[in-house]
Amino acid sequence: MTYTSQYGKQPWSTRYRRKTNINMSVRTYNPSVRVGNWNEDIQLEEDTLKDFLERRDKGQLLYQKRTKFEQTIFKKIDLTISRDGFVHFGDIVNIRCPGTKDKTKYFAHLEPRQDCQLSVYPEINRILEASKFEEPCGITGARDLTPNLRSCFVIRSCDDSKNSEPLRYGQPFYISTMDDEGGSLLLQSDRATLTKSVNKSRHQDVSLVSNPSFLVEWQVLHFDPRLRMEYEGIPVPANERVIINHRKTNQNMAVEDEFTIRTPFGSREYEITSHTYLDSHRAEKEVNHWMIVMGVPGDPVYPVIQSEASTTTTVTKSATMTTERTQASC
């Protein structure tokens, strides 16, 4: 026999069961009660915050390293002043390729080639951790012509030539990055293969390595092939068009104006290869012409002649005044 309530709607057993389930689902603690590994979680958060503050004070955070290294990369560097007009071993130079003379825009997607200079292209993952340039590093043609750590190179000797001696046509030499933050890396090139070549043009690759070998030896040739033999052994002039030739492969350094690379610094730069481009007269094209840029006395950037002239004028005036005083006393 089933008993019902006074209202005659539900059995007593059903109402009792529902009431019991409701009472069991109620929380038996308030929000201030700590559950689980609460002590370990608090300690872990405190250790994480303490480690973050310590690394921030020491400048070891990734964004701090990137900011510091980028400031070092783009810091302006003074080029060596060529007082006799020639390039010497140990000089700090820019290696620049003049832009094309024809500035006509023939295609909508292809801009005329502008002036560019060799620049180091480090890998993005090494920029965040390294304090200097480390191999492997690529080479690009940057349109920014400001001399900085990326674009400044040192002419080094690979024989017994000493610093301050002039570089001559046909003489082997090394193209090296700066010391310290520059890493003293050497410009290298080797023959293109199926597995080793530039990504877009598929020509001979140009990169930076740390160990010297025959692959890092270059030589300067006269840009006019008819006068190349006559200029053999003559000092290389600064800020003049020349050909930079790789000794092992006999390929000339070139700018691939049809292919650009997006760099980690937010700019698009030309691809640099070792490939000889010849015209119908068997002469190198403009993409193979380079200039070893140095500071020249008397230009707007290095007004050395003006300072020397002012010094000479001051000395002359002093000597004239001394002579007049002597004559007056006599």
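This briefing describes the aromatic pairs of a protein chain and the surroundings of the residues involved. The model is predicted. The protein chain has 330 residues, of which 38% are buried, and its secondary structure comprises five helices and twelve strands. Two aromatic pairs are counted.

**The chain as a whole**

- Of the contacts between residues at least 6 apart in sequence, 65% join residues at least 24 apart.
- The protein chain exposes about 20,600 Å², and carbon and sulfur atoms supply 52% of that area.

**The pair Phe74 and Phe265**

- Two aromatic pairs are found in the model, and one of them is formed by Phe74 and Phe265.
- The ring centres of Phe74 and Phe265 are 5.2 Å apart and the ring planes stand at 90°, so the pair is edge-to-face; the cut-off for that class is an angle over 60 degrees.
- This pair links distant parts of the chain, as Phe74 and Phe265 are 191 residues apart.
- Phe74 belongs to the loop between α3 (62-73) and β1 (92-97), while Phe265 belongs to the loop between β10 (253-262) and β11 (268-274).
- Phe74 has a relative accessible area of 37% and is therefore partly exposed.
- Phe265 has a relative accessible area of 19% and therefore counts as buried, since the limit for that class is under 20%.

**The pair Tyr169 and Tyr231**

- Tyr169 and Tyr231 also form an edge-to-face aromatic pair, with 5.7 Å from centre to centre and 75° between the planes.
- Tyr169 is buried, at 5% relative accessibility, whereas Tyr231 is partly exposed, with a relative accessible area of 30%.

**Surroundings of Tyr231**

- Leaving aside residues up to four places away in sequence, Tyr231 touches Tyr169 and His222.
- The C-alpha atoms of Tyr231 and Arg168 are separated by 8.9 Å, and these two residues are 63 residues apart along the chain.

**A charge over a ring**

- Arg143 lies over the face of Tyr270, at 4.7 Å from the ring centre.

Notes
Residues are numbered from 1 along each chain as its sequence is written. This is a predicted model: local features need pLDDT of at least 70, side-chain atom pairs count only at pLDDT 80 or more; totals for chains, interfaces and linings use all residues. Side-chain values use heavy atoms; hydrogens and water are left out. Rings of Phe, Tyr and Trp (its six-membered ring) pair if their centres lie within 6.5 Å; planes under 30 degrees apart count as stacked, over 60 as edge-to-face and the rest as tilted. Helices (H or I, at least four residues) and strands (E, at least two) are DSSP runs, numbered from the N terminus. Buried means under 20% relative accessible area, exposed over 50%, partly exposed in between (1.4 Å probe, protein chains only). A charge sits over a ring if NZ of Lys or CZ of Arg is within 6 Å of the ring centre and within 35 degrees of the ring normal. Contact means heavy atoms within 4.5 Å. Accessible areas come from the Shrake-Rupley method with a 1.4 Å probe; for residues, only the protein chains shown count as cover.
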